[in-house]
Every structure is written in C-alpha cells, then in structure tokens.
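Welcome! Please take a moment with the sequence and the 3D view below, and then we will walk through them together.

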Amino acid sequence: MILLKNVTYVYKNIVNDKTAIDNINMKIQKNSLIGLIGPCGSGKSTLAQIISKLIRPTCGEIIFDERKINLVFQYPEHQIFNNTVYDEINFGIKNNKFNDIDRKKKILDVLELVKLNENFLYKNPFKLSGGQQRRIIIASILIMQPDVLILDEPTVGLDFESREKIISYIKNIYFNNKTTVIIISHDLNVIFELVERIVYLDSGKIIFDGSAIDFFYNIKNFVVEKSETKLLIDLLNSKNFCIKKDIIKKKELVDFISQKLKRE
Ligand SMILES: Nc1ncnc2c1ncn2[C@@H]1O[C@H](COP(=O)(O)OP(=O)(O)O)[C@@H](O)[C@H]1O
Ligand SMILES: [Mg+2]
C-alpha cells in the first residue's frame, strides 16, 4: 500500500511559484488498477513522479510498503538507446548474476507479456513501429519486476490497433504479475476498458475518487471527452433502449445488446 498524506508539490521558478499538487490525500492498495485522469496541466505527471519517488513533495508525507516503483514516461520510445531489443530489455538486469540461458528466458517472458515474440530479439528497436517501441520499453521496465507500475499516457500517438494491444497487455501484466498499476490517460476508451477505480485531478486537487461506474454515469460533471462506448449508450438510451447501469466496457455493451436482441 502507498499512503499519501496532505501532499503538496510546488514548482519554484524565478518569476513565480506553481502549486502543481495541492494537499492530496490518497491510498493506493496493493494490486489495484487505478486510472488517473484530469485536464491538461492538472498535475497528473507531477503526481506520477512523486509516487515513483523521482521528486519529493514540498510538504506532506508518503508512506510506502512497496519498494520498487517504476514510471513509464509519456513517449518512452524517446528513451531507447540500444541497437537490439535484447540489449534494450537486458539493460535493467545487466548487473544481476544470471547465466545466459536464464537471462534470455527472462527477456522472452517479458516480451511475451507485451505480446511480442522471439523474432523481435535481435531486431533494431529504432526500426520498429511506435507501438512496438513503446511495448519494448515497457518490457524493459517489467523485467525489473516493479511492485508498482505507473504508465503516463501509454496510448498517446498510437493508432487504434496499437491502442487495443496496449489495453490487452496492461490487463495481462495486472492479472499475471499481481502488480499495482496506475494508468494516466485522457483517453476514456482506454480507462473504462481497464480500471475499476478512477482518480480525477483538477488544478492539483482530487475532485473525484471512486468507482469507474460512478464516474461513467456522472461524466457531465467533469471536463472529459466521452468514450465511444458512453456515446453509444447515451444514443441507445435516447431511443429507449434502457442499457443497464453497470455497463461501461465495450464488450459488456455488445453482450448486453446481443442478449436483448435474442430475447426479442
Ligand atoms: N518543470 C516545471 N516547472 C514549472 N511548472 C511546471 C513544471 N512542470 C509542470 N509544471 C506545471 O505544473 C502543472 C501540472 O503539470 P503536470 O503535472 O505536467 O500536469 P498534467 O500531467 O496533468 O498535464 C501545470 O500547470 C504545469 O504547467
Ligand atoms: Mg502529463
């Protein structure tokens, strides 16, 4: 568990100071999957850096049970610096005393988690697609076996197919590894497919902290673009379709409609 108590973070500039995180209280349970959302400049990336211990709060306190907390930055592919996928992923375990066979096995295991295979091992990461590069960087972090994995806008700039792949491997990581996952995204299509708890930030404050379902049905109170599923549900309900209140995922909606059609 990670506990944030009255955490504030101020960026100190010569001209003026900027309070990016404003007196936040938050509990992150072990093995939870949390969506951190909010408008641009609301403090999401700052909070991610505080939780991953890259910056220290200006005031307040954080209590950590978990030791290894890793953050995948927005556009992580800009941080690729090895000439093979093998070297890139191996980097995080370079100093561990594994023999070559164990080492390769560990690398293949994390590659599989991000849905890539052995054929990629000796490819040049600079020559792969943006989505593949991002998955390799995430694999290079997963190999360090983080207790908490924070992903800052993991789908930004990716096409539809890569986005769907990213959603499926985040599910994989979460269910297979018992890792706590915090995902920052302004894309509610991604958030609703994945998380049960949503924390919504605005001007450095937590405005909402609760279930994804509650958030989904109160969306009009928040500055967010609706997900495709939500738009579809609103449209169907305006035609008296009466979609059940606990549906938020695309697959749940498809199943519900096909059941309903079968019955009629
Ligand atoms: N290095 C910095 N120096 C000064 N202000 C910053 C710095 N980084 C971010 N900020 C400001 O802090 C606020 C929160 O930024 P950020 O955490 O990046 O928000 P988000 O990730 O939600 O877009 C913004 O107003 C931003 O302009
Ligand atoms: Mg950000």
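The centres of domain 1 and domain 3, taken over C-alpha atoms, are separated by 29 Å. The chain as a whole is divided into domain 1 (1-68 + 146-212), domain 2 (81-145) and domain 3 (226-264), with bounds that come from an automatic or database domain assignment. Please keep in mind that this is a predicted model, in which local features need pLDDT of at least 70, side-chain atom pairs count only at pLDDT 80 or more, and totals for chains, interfaces and linings use all residues. Residues are numbered from 1 along each chain as its sequence is written, while chains are lettered from A and ligands numbered from 1 in the order in which they are written.

Where do domain 1 and domain 3 meet? Five residues of domain 1 are in contact with seven residues of domain 3, contact meaning that the C-beta atoms of two residues, placed from the backbone, lie within 7 Å. Helix α6 (residues 188-194) supplies four residues, the largest share of the side of domain 1 that touches domain 3. Helices (H or I, at least four residues) and strands (E, at least two) are DSSP runs, numbered from the N terminus.

Next, look for the sheet. Six strands form an open sheet in the order β5-β6-β7-β3-β8-β9, with mixed pairing; two strands pair if DSSP finds at least two bridges between them. β5 (69-72) and β9 (205-211) stand at the edges with a single partner strand each, so one side of each has no neighbour in the sheet. From one strand to the next, the twist averages 15°. β5 and strand β6 (residues 148-152) run parallel and are joined by four bridges. Leu71 stands opposite Ile150 in β6.

Helices lie across this sheet. α1 lies across β3 (33-37), β5, β6, β7 (180-184) and β8 (197-202), and runs at about 160° to β6. Helix α5 (residues 160-177) lies across β3, β6 and β7, at about 155° to β7. For these angles, axes are lines fitted to C-alpha atoms, for helices over the stretch in contact, and the angles run from 0 to 180 degrees between N-to-C directions.

Finally, turn to the ligand. Which residues surround ligand 1? They are Tyr11, Asn13, Lys18, Ala20, Gly38, Cys40, Gly41, Ser42, Gly43, Lys44, Ser45 and Thr46, counted as near if the C-beta atom, placed from the backbone, lies within 6 Å. β2 (18-28) and α1 (44-51) are the elements that give two or more residues to this shell, and α1 gives the most, with three residues.
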